[in-house]
Protein chains: 2
Amino acid sequence: MGEEEGTAVNNPVGIHAGVWIGQWTSESTRWAIDQTLAAGFDLIEITATDVDSIDAAAVARAIQKTKLSCSVSLGLTFDADVSSEDSQIRARGATRLHHALRLAQKVGSRQLVGVLYSALGKYQGPASERSWRNSAAAIRELAVEARAAGIELALEVVNRYETNLFNEVFGALRFLDEVGEENVRIHLDTYHMNIEEPDFALPVAAAGDRLGYVHVGESHRGYLGAGNIRWAEFFRFESFSNTVVDPALSNTLAVWRNLWTDNADLAAQARASIRAHLGAAYRARARGQAARDDGQQSADGETN
Amino acid sequence: MGEEEGTAVNNPVGIHAGVWIGQWTSESTRWAIDQTLAAGFDLIEITATDVDSIDAAAVARAIQKTKLSCSVSLGLTFDADVSSEDSQIRARGATRLHHALRLAQKVGSRQLVGVLYSALGKYQGPASERSWRNSAAAIRELAVEARAAGIELALEVVNRYETNLFNEVFGALRFLDEVGEENVRIHLDTYHMNIEEPDFALPVAAAGDRLGYVHVGESHRGYLGAGNIRWAEFFRFESFSNTVVDPALSNTLAVWRNLWTDNADLAAQARASIRAHLGAAYRARARGQAARDDGQQSADGETN
């Protein structure tokens, strides 16, 4: 174990299963888990888009044989959207969230994350007050159900082309206030932050203890470090806790060109990059704490 | 005239008419022109989305009374898309481009810019080879027509949610090669560059003399300087020529929150910001040239 290995133990570093596989056959499940372990990650994120296609018990068994943990993520669709003004569409959305929560429970995940509150896509206009309230009510209901199962929700803040409900951390915080449940937290993603936030440090600070999950993606969703994200600024946090860092990379999000082809290479590079940044951030924090302690001792000395 | 005024005379600085008005009545035309002049801009960009609603002769007369120049911009729609595999949809797209070109001619614009080659919106999948060729053929035809009218085309490079044909400068350069017409150039937009390009300097350098038009927009389309664009990096160019710099700001591009409300304040701030950066870039270039001249003289002295 190198020096960088020991510095960020509180933050499991995860990878989206979509980097490895497109579906959950028993063979592909084994492949995804093996690759995740080989690349040195702590956690695998399972997409619950097509819950019925996943043999949850088999996936749970495969994961439990390892030291890996897992999370479950979801983005709703326009025909199953809890922010809709159409009650049938809302009902389909609520059912899908319920199924995703059951999947999370079955595979042993403690977190259900993503765009749980809205369809993941380009809306034709701004969200109405009713959409906002409908969505908050659905998330409140899901949160109560999740609490009983010991599961936490984290709502992903995504860019203007992927939801109209909120696009930056302050909008998400207002939404969390409307929901009013303790086990609902914020899920940040650097790819979206680059489009919507004024910088990379403020949203992390603003979310504070309500930050529950993080997607680490480059500005063009390619190799970390090859784009416009200011990583040092992002990782200059004081209190990441219980936070998953995950290179969110998907072919479904309007990526029309290949930004990577070798998934193992991408994964290894991503993990090394995240670990290096986490290590630097923790060391900087430790130095800052030491400096403060020194200052305190000097101050104590002076007042004595 | 302050020092910064004289440094960037080759680059008319323009503003999108959408900052001022939503339609082109004779009254709103006068208002847009007055506001553009009051804010100190050199050029006004006219959107040709609804060509029939614009009294081109009246707009031309109003502009000609001033020292302003103008450009015309357009993004196609999914029902009139020259990259479509459906010949009827392509034909509607070609007609729309033809009308936009005639509008440009009538209002005295020397440039037709924007997403001329594709619908401006989120496609459901990647572009086919046929779409690519269909679009290039249509742009070639438009370019021939434009050349006869002394008009240049500039194809805007936009992000993944706004076209599937190309999303970065190297894709656009390949497309220009396919088109093969001299009067077709590249239109860059910093807002899109922040999402798709590896940095802000390389795309400008890669486009080189083929860069014809620039939209200057912040990462969240708000006030310049309040977001993630690295302006100094972007303006560190060597050869912007005949380039319009324009704060592209629109309510139609999935902006669900108000990033600005006072359009005059926004415009004045944008122009001052662009002028300051252009001034700095030109001064840096002049210093570099002076240093090279000095070096040349020293070298000459040594060989004498």
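Trainee: What should I know before reading the model?

Mentor: In this predicted model, local features need pLDDT of at least 70, side-chain atom pairs count only at pLDDT 80 or more, and totals for chains, interfaces and linings use all residues. Residues are numbered from 1 along each chain, chains are lettered from A and ligands numbered from 1 as written, and side-chain values use heavy atoms, without hydrogens and water.

Trainee: How is the size of an interface given?

Mentor: Often as the accessible area lost when the parts come together. Here about 2700 Å² is buried between chain B and chain A (accessible area lost, 1.4 Å probe, summed over both). Carbon and sulfur atoms give 46% of that area. The contact (heavy atoms within 4.5 Å) takes 35 residues from chain B and 35 residues from chain A.

Trainee: What does the salt bridge of Arg185(B) and Glu152(B) tie together?

Mentor: Its N to O distance is 3.1 Å. Arg185(B) lies in strand 6 and Glu152(B) in strand 5 of chain B, so the pair ties together parts that are 33 residues apart in sequence (strands are DSSP runs of E, at least two residues).

Trainee: Is Arg185(B) buried or exposed?

Mentor: Arg185(B) is buried at 11% relative accessible area, and Glu152(B) is buried at 17% (buried is under 20%, exposed over 50%, partly exposed in between; 1.4 Å probe, protein chains only).

Technical notes. Buried area is the accessible area (1.4 Å probe) that two parts lose on being put together, summed over both. A salt bridge is a side-chain nitrogen of Lys or Arg within 4 Å of a carboxyl oxygen of Asp or Glu. Helices (H or I, at least four residues) and strands (E, at least two) are DSSP runs, numbered from the N terminus.
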